[in-house]
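Have the sequence and the model side by side as you read.

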Amino acid sequence: MSGDSQIPNPAHIQADSMLARHFGRETVNYFSSSPLNRLSFLRSDHTFLSAALKHPSTRFVLMKDLAPLTRNPTEPYFAKYEEVRTLVPDTIYDKSEEDFLKEYDSRKTIAAPIFLGLDESHKQDGLAWKIYTGIPYFALDVTPSGSDEQQTHAKALISEVEAKGLIFLQGRTILSFPANEAAIYAQARALIDWNTRNRFCGTCGHPTISVNSGTKRACPPSDAALLAAGKPAERPACNTRTTISNLSFPRTDPTIIVAVVSTDAKRILLGRSKRFPPSFYSTLAGFIEPAESVEDAVRREVWEEAGVTLSRVVIHSSQPWPYPANLMIGAIAQVSDPAHETINLEHDPELEDAKWFDIAEVEDALRIGVAPLGEKPGPEYKEGGLRLPPPTAIANQLIRAAISLDFLDAEKAAKM
Ligand SMILES: [Zn+2]
């Protein structure tokens, strides 16, 4: 499955407003527009978390080595608390976060569930907490790690779910889930990955622990294991405990991705990397550097990779991309002088090729030549024809926008 049915369709898109009339409808990209209300202000409320953890409606996204548990490639499996209780004891939120930090003992390891939010579209049978009602979602990393006991429980859990015919779905990028499940999976994957990579303090190098329901990591001031070894319990001083930035927060790495329109608005610039299959082209992309605006990053990347000099850059839409922690900021940009359209791949040899494509050829490719990187386009596609990324990739949405007459009509083009 990789069609328009996977594109999120939240109610606000249809709403009329002065901004919607002026700029057109918002483009909502795959992995965004989660059905969950994250309720970020409840992440340190252990009474709430305890109730959410054990509620009969609660669902858990399980991952092993970042592979999500599924029934099949288009259907993620959501576990019940009963299925994970050996790994996540029901006493896990009995202590306050403050006491949890104070009583830190490096000899004991426990699984750290991550609270993702409440699905308020399902109120019936959901958890009711103050004015919020819905199905709570958690993410849980079941990769065997930590103490022997914890590893034994994790291995047993993995055997049980696999015995039911469920599969931890492997794949470099998974783009096969329906829109809502994809957004939940993206949040779970990004947070599990970040927690896995940040087990040690970036300032003092000692182990950190997960707090705020998996959305922050703290460097505890003491360790009961030191005391048990006949040493003072205090760990070495660490700046993260004395300043206002006393915690480590999940990363989001901003990236630009851009569809470039020629001076006459009749062609668009696409490039291909060496790892793409033959005839597969896409929009140009790259990381935003420190102290760089989105627009500057777009102009720099396109010049570095293709030698093309841009003028106006318009931010179009964005897409969370949990591989591992990117936010793709999509733009449409235009060249203002034909002399600036000359392609030069010799500055930064990142691309194998970059080319200007006529809009008619791109329209054909959007109709018959789209497929994810590892898959083949439909039966109408003829070998050697232009191939483009699927609608689940923001690149596809940017290309559509850049060649659409609506976006490039005289009035709007004048504003670019
Ligand atoms: Zn530290």
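Leu175 sits in the loop that runs between β9 (167–168) and α6. Is Leu175 buried or exposed in this predicted model? Counting other C-beta atoms within 10 Å gives 21 for Leu175; a residue is called buried at 20 or more, so Leu175 is buried. Leu175 and Ile403 lie 228 residues apart along the sequence, while their C-alpha atoms are 24 Å apart in space.

To place these landmarks, turn to the domains. The domain assignment divides the protein into domain 1 (36–248) and domain 2 (252–414). If you take the centres over C-alpha atoms, domain 1 and domain 2 are 37 Å apart. Where they meet, 7 residues of domain 1 are in contact with 8 residues of domain 2. On the domain 1 side of that contact, you will find 4 nonpolar residues, 1 polar residue and 2 charged ones.

Next comes the interior. In soluble globular proteins, nonpolar side chains tend to be buried together. Here, the largest nonpolar core has 90 residues, and the members touching the most others are Ala139, Ala188, Val258, Ala259, Val260 and Ile268. Helix α6 (residues 179–197) supplies the largest share of this core, with 11 residues. Domain 1 and domain 2 each provide at least three residues to this core.

Leaving aside residues up to four places away in sequence, Ile268 touches Ala259, Val260, Val261, Phe357, Val362, Ile399, Ala402 and Ile403.

Which residues of α2 are buried? They are Phe48, Leu49, Ala52 and Leu53. Looking down the axis of α2, you see these buried residues within an arc of 130°, so they line one face of the helix. An α-helix has 3.6 residues a turn, so residues three or four places apart point the same way. The cover over the buried residues of α2 includes α3 (81–84), β6 (114–119), β7 (127–129) and β8 (132–141).

An unreviewed UniProt entry places the feature "domain: Nudix hydrolase" at residues 250–383.

Key
Residues are numbered from 1 along each chain as its sequence is written. This is a predicted model: local features need pLDDT of at least 70, side-chain atom pairs count only at pLDDT 80 or more; totals for chains, interfaces and linings use all residues. A nonpolar core is a set of buried Ala, Val, Leu, Ile, Met, Phe, Trp, Tyr and Cys residues joined through C-beta atoms within 7 Å. A residue is buried if 20 or more other C-beta atoms lie within 10 Å of its own, exposed if 12 or fewer, and partly exposed in between; C-beta atoms are placed from the backbone. Helices (H or I, at least four residues) and strands (E, at least two) are DSSP runs, numbered from the N terminus. Domain bounds come from an automatic or database domain assignment. Two residues are in contact if their C-beta atoms, placed from the backbone, lie within 7 Å. Ala, Val, Leu, Ile, Met, Phe, Trp, Tyr, Cys and Pro count as nonpolar, Asp, Glu, Lys and Arg as charged, and the others, Gly among them, as polar. The arc is that of the directions from the helix axis to the C-beta atoms. UniProt positions are given in the numbering used here, feature names are shortened, and annotations may be inferred rather than shown by experiment.
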